[in-house]
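Good morning, everyone, and thank you for making time.

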Amino acid sequence: MNITVIITQLIQLFLMLFLGYFLCKRGIFDRHTNQKMTKLCLTVTTPCLVLSSVLQQTGERNYSLIAFTFAIAIVYYIVMPFIGWLICKLLRLPRQSHGLYMFMAVFENIGFMGIPLINAIYGGEGVLYTAIFNICFNLAAFGYGPVMLNIGTGRTSKPDLKDVLSPGTILSVFTIVVYLSGLKLPGVLTGVISSVGAVTSPMAMMLTGAALALVDIRTVFTDRHVYPFLAVRQLIFPLIIFPLFALVIKDPVLLGVVFILTIMPCASNSVLFATNYNNDESLAARTVFISTLCSLITIPALVMFCLV
């Protein structure tokens with residue numbers, strides 16, 4: 001794997017992020033625009049990118065590897081809440097924020113950073129594996145995510161089936177069906193899907209930058225609990241888990257995809273979930289901001305150390 005390619009792609013993604021930050025500061029983006037475009041990106045362009053990656057693939061389909069990828073993703077999202085709980089206990093994080101920290105430990109930025117980066121490094125095959133993780137991500141986030149967020153707060157909530165079966169989840173499932181069945185779509189339709197999916201990377205990164213522009217910078221770097229949490233989540237934990245991944249996953253592309261997804265920054269939808277379920281959205285925004293900033297260093301460093 002060429003580390004220069006990864007660093008170049010990360011720099012390009014972050015330049016798009018800073019463009020979104022600048023546009024928001026100039027008033028071209030605002031909170032209302034961000035919400036609308038985020039919904040467009042999550043429900044239309046990202047699923048089109050994933051579907052396009054499958055439609056462009058040729059050759060024999062590896063059904064056993066797809067099943068294995070599903071198994072890895074399912075186990076990952078079953079085990080990670082316990083890892084998140086352990087991190088909260090070991091770092092003695094504030095009890096009322098345990099649920100939010102657990103959520104941010106479990107869910108990484110697959111959609112807005114993971115898919116564009118994986119697409120740049122591994123192409124369609126990598127995006128297909130990422131789509132499988134994205135299905136399990138959505139099922140877990142909307143399934144046990146609301147329950148998790150209330151840990152330590154004394155409140156309770158139940159998952160909403162409408163959220164679990166989101167358009168992104170349904171289209172991701174359809175993508176897997178297309179892959180397994182070998183279904184071919186007309187060339188005109190394939191071209192449209194490819195063109196719509198191609199706008200995902202710049203749109204996603206600009207929206208991430210625009211969202212970060214709405215955070216009060218004066219309060220971002222003052223929370224002393226965020227730094228040890230991110231050090232464990234984005235540096236120590238990946239170094240511990242990588243030997244296990246390498247022992248279990250023999251396919252080099254799948255190993256790279258799974259590892260890179262685990263070192264993504266905290267999911268940007270942590271802020272949306274915190275707002276929707278009456279948690280500390282300010283803490284979520286601060287952590288996502290610093291996490292995204294740190295990933296510019298941690299992602300290439302960990303990839304160089306573990307995958308190159």
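Before I name any residues, let me say that contact here means heavy atoms within 4.5 Å, and that helices (H or I, at least four residues) and strands (E, at least two) are DSSP runs, numbered from the N terminus. What you see is a predicted model, in which local features need pLDDT of at least 70 and side-chain atom pairs count only at pLDDT 80 or more, while totals for chains, interfaces and linings use all residues. Residues are numbered from 1 along each chain as its sequence is written, and side-chain values use heavy atoms, with hydrogens and water left out.

The protein chain has 15 helices and zero strands. Its radius of gyration, taken over C-alpha atoms, is 18 Å, close to the 19 Å that the globule rule (2.2 Å times the number of residues to the power 0.38) gives for 308 residues, so the chain is as compact as a globular protein of that length. Along the principal axes, the C-alpha atoms fill a box of roughly 50 × 45 × 40 Å.

Now to the helix pairs. How do H3 and H5 pack? Helix H3, residues 63-91, and helix H5, residues 110-143, pack at an angle of about 55°, with their axes 10 Å apart; axes are lines fitted to C-alpha atoms, for helices over the stretch in contact, and angles run from 0 to 180 degrees between N-to-C directions. H3 and H5 are therefore oblique to each other, given that angles under 35 degrees count as roughly parallel, over 145 as roughly antiparallel, 65 to 115 as roughly perpendicular and the rest as oblique. Among the residues that meet are Phe70, Tyr76 and Tyr77 in H3, and Tyr129, Phe133 and Phe137 in H5.

Some of these names return in an aromatic cluster, formed by Tyr76, Tyr77, Phe103, Phe107, Phe133, Phe137 and Tyr144. The structure holds eleven aromatic pairs, where rings of Phe, Tyr and Trp (its six-membered ring) pair if their centres lie within 6.5 Å.

Let me finish with H12, residues 226-248, and H13, residues 252-262, which pack at an angle of about 160° with their axes 11 Å apart, and that makes H12 roughly antiparallel to H13. Pro238, Phe242, Phe245 and Ala246 of H12 make the contact with Leu255, Val258, Phe259 and Thr262 of H13.

Terms used
Rings of Phe, Tyr and Trp (its six-membered ring) pair if their centres lie within 6.5 Å; planes under 30 degrees apart count as stacked, over 60 as edge-to-face and the rest as tilted.
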